[in-house]
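Here is a short note to read beside the model, written as numbered points. Please keep the sequence and the structure open while you go through them.

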4 protein chains.
Amino acid sequence: MPDADDYVRTRIGWSDPDRITVAGRDLAADLMGRLTLTELAFLLITGAEASPAQRRMLDAVLVSLADHGFTPSALSTRLTYTGAPESVQGAVAAGLLGAGSVFLGPAGDTAQFLADALVDAPVPRDDAALARVADDAVAARRAAGLRIPGLGHPVHRDGDPRTARLYALAAEEGLLGDHLRLLEAVADASARASGRALPVNGAGTGGAALVDAGLPPGSVRGFVLIGRTAGLVAHLAEERDHPVGMPLYLEVEERARPPGGTLD
Amino acid sequence: MPDADDYVRTRIGWSDPDRITVAGRDLAADLMGRLTLTELAFLLITGAEASPAQRRMLDAVLVSLADHGFTPSALSTRLTYTGAPESVQGAVAAGLLGAGSVFLGPAGDTAQFLADALVDAPVPRDDAALARVADDAVAARRAAGLRIPGLGHPVHRDGDPRTARLYALAAEEGLLGDHLRLLEAVADASARASGRALPVNGAGTGGAALVDAGLPPGSVRGFVLIGRTAGLVAHLAEERDHPVGMPLYLEVEERARPPGGTLD
Amino acid sequence: MPDADDYVRTRIGWSDPDRITVAGRDLAADLMGRLTLTELAFLLITGAEASPAQRRMLDAVLVSLADHGFTPSALSTRLTYTGAPESVQGAVAAGLLGAGSVFLGPAGDTAQFLADALVDAPVPRDDAALARVADDAVAARRAAGLRIPGLGHPVHRDGDPRTARLYALAAEEGLLGDHLRLLEAVADASARASGRALPVNGAGTGGAALVDAGLPPGSVRGFVLIGRTAGLVAHLAEERDHPVGMPLYLEVEERARPPGGTLD
Amino acid sequence: MPDADDYVRTRIGWSDPDRITVAGRDLAADLMGRLTLTELAFLLITGAEASPAQRRMLDAVLVSLADHGFTPSALSTRLTYTGAPESVQGAVAAGLLGAGSVFLGPAGDTAQFLADALVDAPVPRDDAALARVADDAVAARRAAGLRIPGLGHPVHRDGDPRTARLYALAAEEGLLGDHLRLLEAVADASARASGRALPVNGAGTGGAALVDAGLPPGSVRGFVLIGRTAGLVAHLAEERDHPVGMPLYLEVEERARPPGGTLD
């Protein structure tokens with residue numbers, strides 16, 4: 001019999017022989033057929049059901065980050081499948097492991113950076129107030145020798161097509177909040193401080209939009225992995241019919257053979 | 001410049017400086033704000049957009065399999081976070097790695113088993129025809145000493161609450177197809193052959209329902225990982241505020257100390 | 001206080017405030033400075049200390065399987081590091097995940113196949129007896145439509161250079177036992193049955209040699225991962241100074257762009 | 001034909017049909033049967049063969065960090081095996097993923113911290129000079145609000161039994177160098193600055209000892225994973241015969257059921 005003082009506790013779910021409870025609701029009767037997966041994720045993380053506006057923003061961000069073709073993560077998933085086709089979960093896991101500080105992780109890092117900067121910012125937060133918050137946050141990062149998260153992109157140098165779309169959607173849905181607004185102010189502050197304008201990128205905008213849609217900043221880095229899993233699963237579906245992993249390996253191995261491939 | 005004969009090809013997506021193409025569509029203009037993540041996953045895997053009925057079934061299955069509390073996968077995710085809290089993607093990957101032949105994998109295994117059994121089954125497939133297909137498929141598994149996928153559950157011994165709900169939803173949406181019908185016939189055939197009735201379980205029903213909703217059987221095992229990722233991310237959100245991994249480790253380590261914990 | 005009936009038990013190790021016990025020995029006083037890592041692994045798995053002959057064979061196999069340059073696993077490790085350089089353990093894990101049924105896994109699969117074939121083989125096992133065991137085992141695999149593990153290699157078509165070396169070492173160390181002998185008999189039986197001679201490959205020989213050196217067949221698939229981890233760690237050391245992951249990703253992405261990279 | 005300007009280059013290894021080259025040596029003729037796995041790892045990472053003294057220190061550290069019983073990593077490996085017993089590599093990978101900033105990672109973090117502190121330290125480095133380096137390094141960490149790596153242990157509060165053993169071995173082998181010496185000075189400096197003496201822990205000592213034995217500081221975090229892989233493989237061998245994952249999961253699930261297991 002469980003002990004009421006036991007540390008083993010959860011709000012997420014449990015099973016009885018004839019009933020499964022998830023987020024305090026009856027899974028079969030109350031959740032299946034009513035909620036999308038995105039809505040369930042939000043409910044499990046926040047304890048609250050998403051409004052239609054929130055759901056649209058959450059899905060827009062997940063869709064924006066699900067896939068971009070042959071990313072390092074997608075290649076890693078495909079190469080893992082080449083060696084272990086019986087373990088679909090291993091191939092997906094291998095791809096997720098590349099979603100770190102360089103790729104995809106910046107969505108969560110931007111969310112946390114903006115949330116930290118706003119912790120002590122007085123309300124109301126008009127444009128001038130946010131500009132001051134941005135100047136301080138940018139100055140602190142620069143003093144510590146750190147990059148400003150959410151700015152710049154190696155391919156979309158003149159602006160990331162996802163950024164404008166997410167700002168427009170947020171405005172449309174009434175969810176253009178302090179985090180999205182501060183991110184724009186940060187881009188301006190960074191340009192002033194460095195003399196070099198970098199556009200707000202899609203991952204950073206996505207992170208800010210998720211927080212403005214109600215997700216805790218600390219959950220953004222995990223939340224976007226749901227979208228990435230969808231992309232990696234699609235790569236596996238394609239890899240089965242049109243393999244890239246095996247010929248890529250054979251090509252690289254061939255190119256690595258001496259005399260061309262040796263390192264001094 | 002790309003070579004038209006290059007094996008490096010994909011339908012999934014690519015990026016230009018001012019445009020991201022996903023599934024042949026403009027990501028920002030055509031997909032973000034319109035599709036849910038579930039719909040995008042279906043589009044990427046099948047190349048077709050899900051109908052409202054399909055989307056409802058896909059989400060119902062993903063929601064049904066997202067989480068059941070402290071599964072081995074959830075525990076693994078939490079224990080990994082205990083050791084490496086800086087790597088959210090590693091904790092999620094560790095949990096996904098447990099979604100194999102015993103847990104969650106049976107959804108995909110059932111889907112493949114049913115699809116294989118139907119490959120040569122003539123149309124129309126009335127109940128008598130499906131009963132014959134089921135008898136043959138069950139006999140072949142039993143002759144090979146293999147379990148029948150999709151039947152039985154260690155907790156839900158008298159019936160899995162997700163099963164009835166998925167069948168009802170499929171009927172409601174006009175998607176109660178040959179795979180779901182065959183799965184019921186398989187349960188009957190198995191009871192006849194073994195003398196022991198096992199109810200159809202939720203994972204097996206989910207796998208059959210996904211194929212009847214249009215997903216290729218070979219993609220079911222990957223597709224359900226999208227749902228599981230959502231559950232694991234929720235566990236991480238909770239673990240940050242209410243840690244279970246560290247006290248669980250300390251308790252197990254204490255219990256393992258001699259004299260109690262030694263193995264002969 | 002631990003309960004003597006608790007299932008939480010292990011022979012592997014535990015810690016007290018002033019003493020760490022591993023494999024029933026005092027870690028600091030009895031193991032550190034005396035055993036190599038390879039010897040510790042054997043001790044932990046089997047409960048017995050390796051003889052010098054055993055240790056030489058175990059290391060020879062681990063060295064033979066540690067690395068072969070740009071394998072799919074090595075590429076996956078490097079690409080994961082590209083996206084998440086802060087998580088060394090994630091990059092190594094991603095590489096290990098590709099050690100499945102196609103690459104590296106065959107060492108363990110061969111070990112298990114040979115051990116299963118020998119379970120009922122009467123002793124003494126002279127060459128004629130092993131030839132009969134081999135004929136039966138090969139016939140059973142062929143009847144089931146399965147490949148014979150341990151034979152053939154995509155690059156070393158006329159013989160794998162590791163094979164002859166492992167057989168010579170085993171003979172030298174007095175560890176050329178029934179599994180290595182049966183593997184040769186299996187190659188002959190397969191050639192007789194199929195009309196096509198395939199040489200014994202290095203992974204299969206390694207698996208057989210490990211069992212003849214005293215490792216349980218069921219532990220071979222895990223044991224060889226120790227060697228592979230060493231190879232992947234070396235790739236990461238090189239990747240830091242001479243990156244391959246990022247330029248490989250950028251090259252593939254460029255090649256995938258239309259018109260060349262689209263799939264119909 | 002390979003292009004001499006290609007970025008695809010490696011020193012680690014490549015294969016020809018009749019020869020495998022690893023670290024510039026003939027694998028079968030020169031490495032197998034001569035080197036231990038530990039020596040091969042050192043050779044691949046540094047390009048040089050380990051002396052007997054170096055090899056003894058490398059193995060002592062790997063042995064010291066291979067396993068400590070039911071760590072979070074070991075539990076994660078066992079729970080993953082519970083769900084996916086067919087994927088040994090997945091279970092090992094899941095355990096490695098917990099070797100991050102809290103567990104095992106501190107070996108590498110200590111190595112890097114000590115190496116960074118020594119970068120600008122003039123030679124000769126007598127005790128007084130190292131004390132000054134230590135004071136500066138400790139002050140800098142404290143000013144940044146960061147912990148001092150390599151100090152303190154939750155179980156071994158009065159001293160880690162591995163620490164004294166590694167210092168003794170290093171002295172015996174003539175490899176007690178600046179990193180091990182500085183680590184002791186850091187413990188003293190930290191006690192002076194904080195007023196609280198924390199003993200040097202085993203992971204930190206191991207990291208310092210590896211650098212004094214010739215390993216680059218940036219490779220320590222990866223190198224110790226080789227040892228941990230050995231420990232995890234041993235846990236899997238034991239888990240097959242004496243399962244802990246499944247009963248642990250069932251116990252936790254039972255304890256989590258309401259009324260005991262709910263979170264408010």
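1. Is A:Glu239 buried or exposed? A:Glu239 is buried, since its relative accessible area comes to 2%, where buried means under 20% relative accessible area, exposed means over 50%, and partly exposed covers what lies in between (1.4 Å probe, protein chains only).

2. Before going further, please note that this is a predicted model, in which local features need pLDDT of at least 70 and side-chain atom pairs count only at pLDDT 80 or more, while totals for chains, interfaces and linings use all residues. Residues are numbered from 1 along each chain as its sequence is written, chains are lettered from A and ligands numbered from 1 in the order in which they are written, and side-chain values use heavy atoms, with hydrogens and water left out.

3. A:Glu239 belongs to helix H11 (residues 220-241) of chain A; helices (H or I, at least four residues) are DSSP runs, numbered from the N terminus. If its neighbours within four places in sequence are set aside, A:Glu239 is in contact (heavy atoms within 4.5 Å) with A:Arg78, A:Tyr81, A:Thr82, A:Val244, A:Gly245 and A:Met246.

4. The same surface serves both copies, as 100% of the contact residues of chain B recur in chain A.

5. How much area do chain B and chain A bury between them? The figure is about 6,600 Å², with 69% of it on carbon and sulfur atoms; buried area is the accessible area (1.4 Å probe) that two parts lose on being put together, summed over both. B:Tyr7, B:Met32 and B:Leu37 supply 12% of the area that chain B buries against chain A, more than any other three residues.

6. Across the interface of chain B and chain A, 27 residue pairs are in polar contact (both at pLDDT 80 or more), a polar contact being a pair of N or O atoms within 3.5 Å, where within protein one must be able to donate a hydrogen and the other to accept it, and residues adjacent in sequence count only if both atoms are side-chain atoms. Helix H11 (residues 220-241) of chain B gives the most to the side of chain B that touches chain A, with 15 residues. The count of salt bridges between chain B and chain A is zero, a salt bridge being a side-chain nitrogen of Lys or Arg within 4 Å of a carboxyl oxygen of Asp or Glu.

7. The contact takes 81 residues from chain C and 81 residues from chain D, and 25 residue pairs are in polar contact between chain C and chain D (both at pLDDT 80 or more). Helix H11 (residues 220-241) of chain C provides the largest share of the side that touches chain D, 15 residues.

Definitions and conventions
Helix = DSSP H or I, 4+ residues; strand = E, 2+ residues; numbered from the N terminus.
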